[in-house]
Each structure stands twice: as C-alpha cells, then as structure tokens.
Amino acid sequence: EMGEDRMMGSLTASQFASGILKTRTGRSHMLLDWIGVFGSTIVPTPTEIPQSTLAYLETLSASHRSMEDLQQQYGLSSLYEMKRRFHSMVETASSIFQGDVMKDAAGDTSEQDAADAANAKSASLKQQPRHVITLEAFVQAVSNESEEQGHGGYFPAHIADLVFRAVCPTDQDDGSTGTSADASGGASSGLFWALYDVLSFGCDAVRLVVAKQKGDIMSELPMLRFCFKVFSLSSVHTIGSANGGRRRILTRPQIGEMLLLLLEHSSFRLKRDSPPSLDDLEEDEEYYTGHPGPFEERAQALEDTQVHIAAASLLAILPPSMQSDGSTDETSHIRLGTLIDYVLDLAKMEEDVLSFDGFCRWYFHSGSTHLPLSQRRVGPFIMELRLIASVLFGIPPTKASLELAIVEELRKRHKYRYPQTDTSRRGPRGTVWYILEDRWLRHWASHVQKVSGTETDVVDGRDNKVTMNAGSSALQRQSSASSIRGLGKINNTGLLAENGSLALRADIRWRQD
C-alpha cells in the first residue's frame, strides 16, 4: 500500500536490522524463521548452520541498534581507530587452528581422544558469531607481556577472565564462575565480546556521558559499578551463600576475595614492571599465606588467611592501628578477617555484607592515608581497566586530566621496566621506542596540564561531526584535523631524511626535534 514515492530501492544493514527488531514477535521472526527452514531444506547437512535465528537477532541488536546511541551518548563521531584495534584482536579459525591440531591435542592420549578434542573446539567456534573477541584472545592480550608495546601485561590471567565475564551479556553465561579452564588453555568457553561490548566497556572506563560531563566524583561511578560486578563474580559466593551473584551485595567471603584480588594485582604489577632480566632470577614472595589453591579450597578458612602488612599498607587497606610507623615489623602478617572488618567499618555497614553504596564509601574514605584515589584500594585496579580501554582498544579519554594521567602511568611503567643507565641512556638493548616530534608533544603536555581541572577539561572536540568531501578546502580539512583539543595531527615529516625515505635524519636530536 506504499506509494511510489515511499518505495525503497535498497536497504542498508542498519535499516534492515532496525526493521527486523521492530517486527519480531517475542524471540521469533517470520522472515528469519522462513529463511532458516528454507536453508535447512536445501543444505545437505543442516547441523552445519552456524547460528540460530535467536543468535542472529541478538547479534543484530548489539551491533546495529545501539552503536549510534553509544556514539551520541559518549561524544564519539569517529570509530575508525577503535574498529581497527578491535579487528586486530578478532580470533579467526585460521589463527586458532595453527600447526597440527590433531597432534597438539593428542599429547599422551589416544587418536580418538585427540579427534574428540579437535571436534569439540571446532564445534565451539561454530556457536559464536563472526568478528568477535573470544575469552581466550582477551585473556592472552591482557595477561601476556608485549615487548612491542613495552609493557608487562595488565592483569593476571584469572582476573582478566573475571573482567571479561563481567562485560558479557547474561545470556552468554556458560554457567561457570571465577577462574575458568579457558584462561589456562582449556576448551573454548563460547563467551565473546562484540564491537558494541568493547565500546560500552571502554566508554564507561574513559569517556563521560555528554549530558553529564562533570569533573566530580560522579565520573567514577561507572567504573566503581563495574568493579563491584567483577568482585561479585568470585566463585566463593557459591559456597554456603544465598547470594548466588544476583543480589547487589558482597558477602564477607566475597569481600575477602576482593581484597586478595587487589593484593594479587598489586603483586603482579610489581613483578611485571620490573626489568625483564629480573623476572626469572627469584620467585616473588607471596602477599598472603595459609590457603593457596583454588577459590573453593581457600573459602573454608578465608578469614584466617595471613596477609603481609607491607602489601596491605601499600593499598591503604590496613587499619590505622596497624599502619607502619616504625613500631610494626613490615615482614609480619595480619589476619584477612581483620581487613574485612576494616572495610565494613569504613563502609558504615550494619550487617556483615557490603552494598554498592558501602563499597563507594569505603573507596572514597581517606582513612589515615594521604594517597590519592588512583593509588589506594580499588584505584590501581580502575587505572588498569582504563589502560585496557585506551591502549588496547584505542578509546580516547574525554578528560584532558585523565589523558595526562594515563600517559604518565605508561611512561612510569616503561621507565621501570626498561631502566636507563649511564651506559644505556635509552634503556637496555632491544628496548622499543616510538619516535614523536618533540614540539607537538610539548604542545600537548602544556595544553592538557593547563586545562586539567578546569571547565574545559571535558572538552575534547571528538563529538564534532565535520563532513569532508572532495571539494572541501585545505583550510577546512586543517580545521577538522585540529578539532581534537585544538591540537593538530602528529606530523613527523620533519624528523625524516629529505630523500623521501622513512629513514630518520642523521642530525636528529633527542628531546629537541
């Protein structure tokens, strides 16, 4: 009944997805159901169909319906760099099945066991949509060292596992909690992040909602909610607890696990930020003693776990009466139950559970420490999440002050990991450096320091939608390129030799060119 003027000759992917989502009935759709039945009829092996109609609808919903909403909500007019980095992490079948899969799977087992292992892995891949980041790929990227990027990793493997699961939609839940076998090389979990999941997580980490751009503590709430969810995924809650991960509280065992995760992350950072040559010289001293092993084995005697006082003091989770003032032996330990009591005390909780409001009170309470928020309690954990969002996924911070903090953190880690000496001013042999024009860097540093903490701290210009076409003038293009914090694009041309090659000038000067 549509008039000719309203008829459409073609549909974009976004229009098609929108139409499907608006016309489905419950979790079914007549057109897609028909296509599924028709495909099953003509395909010789129907079991090879990779996705159900429901999975297809959910993929469309995540990738098309809300992408534009995210861009508008967080003021991102361009997703080019984020998409590029996302696709660099997408695991394809060819990257997973490297080498002789049958031989690798076999080990000391029979050929039939090897075939079953390979078939199980192949089946798990067919259950996932294409172009997604798997749990295994994420854990590897987050927990492994990267000499190319000059860092020692962000989180231990099982913490990376928890972070990944906290982002996954609930309908992806594979029924497991805590550290999975997947992170240590087991069978594929079937969990994945689509581009929408990456952007949603990353924008919460480093972007501010356009309508609520303020420089106060409200900007911390999205990451605090996310951390609270990560800590609630600790598998210890399944033991003798009615919480089941559904109530918005942390039980005493979960609070204990939260503190151990924070301490483990701190220990991990200390080791991974050390020079690589020292990594294998000596074993790290445990930050707690008494109950090693899986979460379930520690849960029974969690309260009696002994934690190093020095390690607890570094994170400002130590009660004032135990603070190191010269009278306390820093090699001594404190009972984890005492640290849990201190959390509940600062949170002003009347019961032995921690609500999200109490969690926020504990985080913001200065106690007896003068450490800034970024260095105490959950602060270092949040900084790690922001580094993953900005460095790994390329999502730029809204606030100039946060951008400066992230760059300074990266500089500090690189300096510790690759120390400069009198004989090696640029770090040990093999240290990777990226060349950048000094004048642009000084301009950037001066600008972000000047606007940090002011009203223009949150004005980054990335929500500027400037349409460029072939007829746009050079001035228009330059204006568009300079819209991000008022800085022009990085241009290293002046550092290169004049012969048109990519070789550096012979007379280039450190921190002057």
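Which residues have the most contacts inside the largest nonpolar core, and how many residues does that core have?

Modeller: The model is a predicted one, and in it the largest nonpolar core has 87 residues, with F231, F359, W362 and F381 having the most contacts inside it. Helix 18 (residues 379–392) gives the largest share of this core, nine residues. Leaving aside residues up to four places away in sequence, F231 touches L250, Q254, M258, L261, L262, F359, V378 and F381. Apart from this core lies another, of eight residues, including A400, W440, A445 and V451.

Because F201 lies in helix 11 (residues 195–206) and F226 in helix 12 (residues 221–232), the pair ties together parts that are 25 residues apart in sequence, and both F201 and F226 are buried.

For W433 and W510 the ring centres lie 5.6 Å apart with the planes at 85°, so this pair is edge-to-face. W433 sits in the loop between helix 19 (400–417) and helix 20 (438–451), and W510 in the segment after helix 21 (474–481), so the pair ties together parts that are 77 residues apart in sequence. W433 is partly exposed, with a relative accessible area of 36%, and W510, at 35% relative accessibility, also counts as partly exposed.

How values were computed:
Residues are numbered from 1 along each chain as its sequence is written. This is a predicted model: local features need pLDDT of at least 70, side-chain atom pairs count only at pLDDT 80 or more; totals for chains, interfaces and linings use all residues. Side-chain values use heavy atoms; hydrogens and water are left out. Helices (H or I, at least four residues) and strands (E, at least two) are DSSP runs, numbered from the N terminus. Buried means under 20% relative accessible area, exposed over 50%, partly exposed in between (1.4 Å probe, protein chains only). Rings of Phe, Tyr and Trp (its six-membered ring) pair if their centres lie within 6.5 Å; planes under 30 degrees apart count as stacked, over 60 as edge-to-face and the rest as tilted. A nonpolar core is a set of buried Ala, Val, Leu, Ile, Met, Phe, Trp, Tyr and Cys residues joined through side-chain atoms within 4.5 Å. Contact means heavy atoms within 4.5 Å.
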